[in-house]
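Open the model in your viewer and keep the selection panel at hand. We start with the whole chain and then pick out single places.

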Amino acid sequence: FLAAWRYEDRGDVAEADDMFNKAIEAHPADAGVHAARGDFLMDAGLEGAKECFEHALGMRPDHAVALRGMSTYLFRNEGDLDTAERMVREALEQQPNNPTTLLRCAELFVERGNMEEAETCFHAATEAQLNHVEALLGYGRYLYEVRRDHALAEEKLNTALSLAPSDVRVLAQVSRFRQLIAHDTEGAA
């Protein structure tokens, strides 16, 4: 299913979805494939993510990626912060240095208003894997939106962009935040 991620990075959601479907056909009993498809569907804004996570957790209730994905789905789409926190903490116990799991923890803590723990997780995510684009983008958003540290936010965003200069999702996010930062800077002047 790695080919599916490459299609998604290029913005070809239909081809990525087709590749994930083929991966599930080839490996129907692999909880990891179902969890990965759930992540893809959730990130792409398509239906079916929750069902993929439920299927993966039905096969392996302790699957860290499925726990992390379901946690993210629950807090983003259903507002179930308590269940989401329990699940992401369980995933973090299994993967204490996984940057994506740390990032999801950080996002949940922001949602809960626990900024100290959020910042700790954002920082740990970017330290766990220095070239983790999604963690850099998330930390950059946090630095911009919460801490209002435009310089450090811009540094994280530029690093993310340098690591994935052709990823359409990265380009869109960096462009959006650069516009917001420029607008804030102009408004402050």
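Select the whole protein chain. With 189 residues, a compact globule would have a radius of gyration near 16 Å; this chain has 17 Å, which agrees. That radius is taken over C-alpha atoms, and the globule rule is 2.2 Å times the number of residues to the power 0.38. Along the principal axes, the C-alpha atoms fill a box of roughly 55 × 35 × 30 Å.

Before going on, note that this is a predicted model: local features need pLDDT of at least 70, side-chain atom pairs count only at pLDDT 80 or more, and totals for chains, interfaces and linings use all residues. Residues are numbered from 1 along each chain as its sequence is written, and side-chain values use heavy atoms, with hydrogens and water left out.

Switch to cartoon. The chain has eleven helices and zero strands. Helices (H or I, at least four residues) and strands (E, at least two) are DSSP runs, numbered from the N terminus.

Now colour by burial. Buried residues make up 42% of the 189 residues. Buried means under 20% relative accessible area, exposed over 50%, and partly exposed in between (1.4 Å probe, protein chains only).

**Stop 1: helix 6**

Select residues 81-94. At 1.5 Å a residue, the 14 residues of helix 6 should span 20 Å; the end C-alpha atoms are 20 Å apart, which agrees. The expected span is 1.5 Å times one less than the number of residues.

Which residues of helix 6 are buried? Show Ala 84, Glu 85, Met 87, Val 88, Ala 91 and Leu 92. The buried residues of helix 6 pack against helix 4 (49-59), helix 5 (64-78) and helix 7 (99-112).

**Stop 2: Leu 57**

Move to helix 4 and pick Leu 57. Leu 57 is buried, with a relative accessible area of 14%. What does Leu 57 touch, not counting residues up to four places away in sequence? Select His 63, Ala 66, Leu 67, Met 70 and Met 87. Touching here is contact, meaning heavy atoms within 4.5 Å.

Draw a distance from Leu 57 to Leu 67. These two are ten residues apart along the chain, and their C-alpha atoms are separated by 7.3 Å.

**Stop 3: Arg 148**

Go to the loop between helix 9 (133-147) and helix 10 (150-163), where Arg 148 sits. Check the backbone: Arg 148 has a positive phi of about 60 degrees, although it is not a glycine. Is Arg 148 buried or partly exposed? At 43% relative accessibility, Arg 148 counts as partly exposed.
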